[in-house]
Amino acid sequence: MMPLYLMPLLPLVGFVICICLGKYLKGSSAGWLATLAVLASFGVALANFLGLEVESAGKATHEILWTWLPDMGTDGANLQVGFYLDQVSSLMTLVITGVGSLIHLFSIGYMQGDPKFARYFSFLNFFVSLMLVLVLADSYPLMFVGWEGVGMASYLLIGFWYNNRDNADAARKAFIMNRVGDLGFMLGMFLLFKLFGTLVIPDLAVKVAAAGNIPQSALELACLFLLVGAAGKSAQLPLTTWLPDAMAGPTPVSALIHAATMVTAGVYLISRSHFLFDLAP
C-alpha cells in the first residue's frame, strides 16, 4: 500500500506549478505536466486498490495526517485530517483518476492555441485533487472541504471563457445553486454532531449501530438534509437547472463535471452514509 495522501497531493502539485509557472511553460508543456500528475495519481490509486484486496483482504485502511480541530466531540476526541480507503472509496479513486487522466489527455489537443492554456490545466488539476479529498475523507467536515473545492473549481471551469456574458452567468448559476445544496449538507452535519457527538465517519457508524434511544424523526431529518446536499451536487430535482448551463465551459470540462466526478459526489455521499439511511427508511 502506498500513502493515501499521494493521490490528492500529486494533482495539487501540478496545479501549483501550472498556476505559478504557467507563463514560462512552452507549447503543450503545461498540459502534459497536468496529465502526468493525474496519471501518477491513478498509479497510486491502482496500487492501493490492488493492495486493499491482497494485503488488507478487503479491510479498510485509515491514515491519520494531523490534528485539525482539538477536543471536538462529547468524548473529548480530536478531529483529525485523515484519509479512509475502503472498497467504495478505492473504486471511486480509480474512476476519478482514470477517467480524469483521459480527459486531461484529450484536453491537450482540444485547448491547443488557447491563450490561457496553462491556467485551464491548473484548474483541471485542482478539480481532481479536491475530488480525491472528497472521496478519501474520513470525516464529514473534511469531505465538505473537498465538496466546496470541487464547487469552486466547477465555477472556474464553467466560466473559463468568461469574456462571454452567457458563460459567466452559467458559472454563477452553478455556484449559487450548489450553495443551496451545501446548506443542506451543513445542516445535516450539525444535526449529526448534536445527536452523536462525532463527525468521523467510521466512529459515527459504530455509534449509530450502538445507539438505542435516538429519535427516529431526528435521524430522518439529518438524512433529509444530506439528501438535499446530494441533490444539489448531483443536479437532481429541484436543483437541476445549473447542469445544462454548465455546457458553457470547454467540452472536456463537461466530461469531467457531468461524468467522472462532480455529479457523482452526491451519489457518493449517500453511499458513504448508508448506515444512516438504513435506519431512516
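Six salt bridges are present in this structure, a salt bridge being a side-chain nitrogen of Lys or Arg within 4 Å of a carboxyl oxygen of Asp or Glu. The model is predicted: local features need pLDDT of at least 70, side-chain atom pairs count only at pLDDT 80 or more, and totals for chains, interfaces and linings use all residues. Residues are numbered from 1 along each chain as its sequence is written, and side-chain values use heavy atoms, with hydrogens and water left out.

**Salt bridges**

- Glu148 and Arg179 pair through their side chains at 3.6 Å, N to O. Glu148 sits in helix H5 and Arg179 in helix H6 (residues 165-196), so the pair ties together parts that are 31 residues apart in sequence. Helices (H or I, at least four residues) and strands (E, at least two) are DSSP runs, numbered from the N terminus.
- Glu148, Arg179 and Asp182 are linked in a salt-bridge network.
- Lys173 bridges to Asp245, with the closest N and O atoms 3.0 Å apart. Lys173 is in helix H6 and Asp245 in helix H9, so this pair ties together parts that are 72 residues apart in sequence.
- Arg172 bridges to Asp169, with the closest N and O atoms 2.5 Å apart. Arg172 and Asp169 are three residues apart in helix H6, so about one helical turn separates them.

- Glu63 lies in strand S1. Glu63 is buried but has no salt bridge; buried means under 20% relative accessible area, exposed over 50%, partly exposed in between (1.4 Å probe, protein chains only).
- For charge, Lys and Arg count as positive and Asp and Glu as negative; His and the chain ends are not counted.
- A polar atom of the Glu63 side chain lies 2.9 Å from the backbone nitrogen of Leu4.

**Largest pocket**

- The largest pocket holds about 230 Å³ of space. A pocket is an open set of points on a 1 Å grid over the protein atoms alone, where a 1.4 Å probe fits, with protein on both sides within 12 Å along at least five of seven lines; lining residues have an atom within 4 Å of a point.
- Its lining has 13 residues, with Pro8, Leu12, Trp66, Phe83 and Val133 nearest the centre.
- By class, the lining has 12 nonpolar, one polar and no charged residues.

**A cis bond**

- Leu237 and Pro238 are joined by a cis peptide bond, with omega about 5 degrees. Most peptide bonds are trans.
- Pro238 is in the loop between helix H8 (216-233) and helix H9 (242-245). Pro238 is exposed, at 68% relative accessibility.

Terms used
Points joined across faces, edges and corners; volume = space filled by probe spheres on them. Nonpolar A, V, L, I, M, F, W, Y, C, P; charged D, E, K, R; others polar. Polar contact = N/O pair within 3.5 Å; in protein donor to acceptor, adjacent residues only side chain to side chain.
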